[in-house]
Amino acid sequence: MSTAPTSLASTALRQSLAARLREFMPRSSVLTEEEDLRPYECDGLSAYRRLPWIVALPETVEQVGRLLRLCSEQDIPVVARGAGTGLSGGALPLEDGVLLSLAKFNRILEVDPANRTATVQPGVRNLAISEAAAPYGLYYAPDPSSQLACSIGGNVAENAGGVHCLKYGLTVHNVTGIKFMTMDGELITLGGKALDIPGYDLLALMTGSEGMLGVMVEFTVKLLPKPERAQVMLAVFDEIETAGDAVAAIIASGFLPAGLEMMDNLAIRAAEAYAKAGYPVEAAAILLCELDGTSEEVSEGIAQIRTLLLKQGAAEVRVSRDEAERLRMWAGRKAAFPAVGRLSPDYYCMDGTIPRRHLAKVLRRISDLSKEYGLAVANVFHAGDGNLHPLILYNANKPGELEKTEELGGKILEFCIEVGGTVTGEHGVGVEKIGQMCLQFTRVELEQFHALKAAFDPRGLLNPGKAVPTLSRCAEFGRMHVHGGKLVHPELERF
Ligand SMILES: Cc1cc2nc3c(=O)[nH]c(=O)nc-3n(C[C@H](O)[C@H](O)[C@H](O)COP(=O)(O)OP(=O)(O)OC[C@H]3O[C@@H](n4cnc5c(N)ncnc54)[C@H](O)[C@@H]3O)c2cc1C
């Protein structure tokens, strides 16, 4: 999906805005030529593309403030962008707004080992924080699989998760301070190095706000001491449902693994071909279960979870023998998305979360839907968190196939809601799941979201059209939407 070129009036406005921006930013930091704009036309959800109107790459907080003030005065919307790895279209640009890239804010301002915090700019890569903390025996726990590339600004805006978030929490549990700018260019500081702040928890509110409440320019994050020992178990299953039930059993047993991930056969084969991780390619599913802590804790945990896994029907349980093997076992999981990307011209990554005891049921439903739609689905996900990532394989060049894929994805998300889950676990709503937000929330709940948005950004200039649907959009979605065999009607209690 892409959009038409800008009109003449819009071109004139763009030139005048670019000239004003160049009064306080270098010429090379304000992009208006098509070949310069093209790299910014989408994020990781490449099915949606739109050529930005202007891309600005400020280098200082002062420049961000001046840019926002200028746009605010002229009613020009602004979309913040980190590294553009988002999978829900959150950084999709506008045809009449500024795409504000934070890429040049790439400095680690401080690592404070005594306080176990790091203060960083928004464009710093996730992995770079752990690299900077490593000499002190510390690391930053949330580890999205995209951590080589994604920025901490995008992580906070999406409340990113990762393999180790099961034990150490999502981004929201690991950020203690945020500085952000309002649309009027006012700098607001929330929290800092202390673990708690009085008043409403605006820190949590900003985390996961998808660029809709402010532009974040600095973060203080928690650092954790590296565990003494970490070991991963790879459990092999002949049936995917049995693996799903084993996840629920591990969680119910009271153990809290550092990570608990699942891959189905399609994902296993793709990852093995790509990363040579030593995965059993005949298995219907594998679980990767990591334990960390003191040496005694890890040994005891491994013995007990191995027994549990075998009791739950695992055909085999392997345990990493050294650090190299542990990293190899994870390498396949971490490379699974690009690996699956080699199986078909395109893939669509969904992201729903469910109560863990329903894993087997939901995986069965995904498999039925995959057959019904004639589209292969690979599953590779944060099983311990109940956070599913069905990857739907399709070919965007085949007429109607993207639409079919989106419909299948929508049905998966709706089933997640039906079993008591949510339409996103970590990738955000963006443009992708905006329709399903109408099913997740009632009219009154959405009105509260709109009231909150208006308190921060009364004219709706920050990332419009994303994350929170307008009520009329929901009415439209309700009119089109058939749920459980019935039309979801706009006048019913939801819309
Ligand atoms: C191969 C692959 C694997 C992935 N694995 C994971 C995973 O395991 N866990 C996970 O959570 N995600 C994962 N993702 C998704 C993605 O990497 C995350 O959502 C990440 O947090 C996005 O960061 P980014 O810097 O690329 O943000 P962008 O895509 O640039 O932006 C994302 C959103 O944040 C907003 N934003 C960015 N910077 C700011 C700022 N400074 N102030 C205000 N708003 C801002 C944007 O407007 C947009 O709404 C994966 C993606 C890929 C491609």
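Trainee: Which residues touch the most other members of the largest nonpolar core?

Mentor: Ala235, Val247, Ala271, Ile286, Leu287 and Ile392 do, in a core of 134 residues. Such a core joins buried Ala, Val, Leu, Ile, Met, Phe, Trp, Tyr and Cys residues through C-beta atoms within 7 Å. This is a predicted model, in which local features need pLDDT of at least 70 and side-chain atom pairs count only at pLDDT 80 or more, while totals for chains, interfaces and linings use all residues. Residues are numbered from 1 along each chain as its sequence is written.

Trainee: What does Ala271 touch, leaving aside residues up to four places away in sequence?

Mentor: Ala271 touches Met263, Ala277, Tyr279, Gly332, Arg333, Ala335, Ala336 and Ala339. Contact here requires C-beta atoms, placed from the backbone, within 7 Å.

Trainee: Why is Val98 called buried?

Mentor: Val98 has 27 C-beta neighbours inside 10 Å, so Val98 counts as buried. The cut-offs are 20 or more other C-beta atoms within 10 Å for buried, 12 or fewer for exposed, and partly exposed in between. Val98 belongs to strand 4 (residues 98-101). Leaving aside residues up to four places away in sequence, Val98 touches Trp53, Ile54, Ala56, Cys71, Ile76 and Val78.

Trainee: How is the protein chain divided into domains?

Mentor: The chain has domain 1 (8-101), domain 2 (108-225) and domain 3 (227-393), with bounds from an automatic or database domain assignment. Between domain 1 and domain 2, the C-alpha centres are 24 Å apart. Their contact takes 15 residues from domain 1 and 18 residues from domain 2. On the side of domain 1 that touches domain 2, helix 3 supplies the largest share, seven residues.

Trainee: Which domains supply at least three residues each to the shell around the ligand?

Mentor: Domain 1 and domain 2 each supply at least three. There are 36 residues around the ligand, and Gly82, Gly86, Gly90, Gly154 and Gly211 come nearest. A residue qualifies as near if its C-beta atom, placed from the backbone, lies within 6 Å.

Trainee: Which element gives the most residues to that shell around the ligand?

Mentor: Helix 5 does, with five residues. Strand 3 (78-81), helix 5 (152-158) and strand 10 (215-222) each supply at least two residues of the shell. Helices (H or I, at least four residues) and strands (E, at least two) are DSSP runs, numbered from the N terminus.

Note on methods
Contact = placed C-beta atoms within 7 Å.
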